[in-house]
Amino acid sequence: MATMIGLPKSAKPGDIVEVKLLLAHPMESGFRGDFDGNKIPRDIITEVRCLYLDELVFRAEFFPAVAANPFLGFTFRAVKSGSVAFTWTDMDGNESHEVREITVE
């Protein structure tokens, strides 16, 4: 499964824009075992950030109890055209990035 981002391509100035974000990640808690009884190592996303026009508009911290392939929904107010950047960081410090553009007219 690939990461999916739902963001409108355009909005009017002042519109509330709804964002839907589905992150493809197993989110292993570290508490489960495999078929041989060995613990599956913890592997989780720890933080998700969204910047609109280089300003933080959303931030979330995750913990081991979050399900695989987490889904997030949030809103922000559109003021002008520009980039919407998404970054998520895993527990090893690895970052993934996606950028989308929104046209405000």
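**Reading the strands of a predicted model**

Modeller: Read along the sequence, the protein chain shows the pattern β-β-β-β-β-β-β-β. Helices (H or I, at least four residues) and strands (E, at least two) are DSSP runs, numbered from the N terminus. This is a predicted model, in which local features need pLDDT of at least 70, side-chain atom pairs count only at pLDDT 80 or more, and totals for chains, interfaces and linings use all residues. Residues are numbered from 1 along each chain as its sequence is written, and side-chain values use heavy atoms, with hydrogens and water left out.

Biologist: How many helices and strands are there in the protein chain?

Modeller: The chain has zero helices and eight strands. With a radius of gyration of 16 Å, well over the 13 Å from the globule rule for 105 residues, the protein chain is more spread out than a compact globule. That radius is taken over C-alpha atoms, and the rule is 2.2 Å times the number of residues to the power 0.38. Along the principal axes, the C-alpha atoms fill a box of roughly 60 × 20 × 20 Å.

Biologist: How is the pairing of strands to be read, and which strands form the open sheet?

Modeller: Strands of a sheet pair through backbone hydrogen bonds, either parallel or antiparallel. Two strands count as paired if DSSP finds at least two bridges between them. Here five strands form an open sheet in the order 2-8-7-4-5, with mixed pairing. Strand 2 (10–11) and strand 5 (55–61) stand at the edges with a single partner strand each, so one side of each is left without a neighbour in the sheet.

Biologist: In which direction do strand 2 and strand 8 run, parallel or antiparallel?

Modeller: They run parallel, and two bridges join strand 2 to strand 8 (residues 95–104). Ser10 stands opposite Thr103 in strand 8.

Biologist: Which strands are joined to strand 3?

Modeller: Strand 1 (residues 4–6) is joined to strand 3 (residues 16–22) by three bridges, and the two run antiparallel. In this pair, Ile5 stands opposite Leu21. Seven bridges join strand 3 to strand 6 (residues 71–77), also antiparallel, and Glu18 stands opposite Thr75 there.

Biologist: What share of the contacts joins residues 24 or more positions apart?

Modeller: A contact means heavy atoms within 4.5 Å. Among contacts with a separation of 6 or more, such residues account for 54%.

Biologist: What percentage of the residues is buried?

Modeller: Buried means under 20% relative accessible area (1.4 Å probe, protein chains only). Buried residues make up 36% of the 105 residues.

Terms used. Buried < 20%, exposed > 50% of the residue type's maximum accessible area, 1.4 Å probe, protein only.
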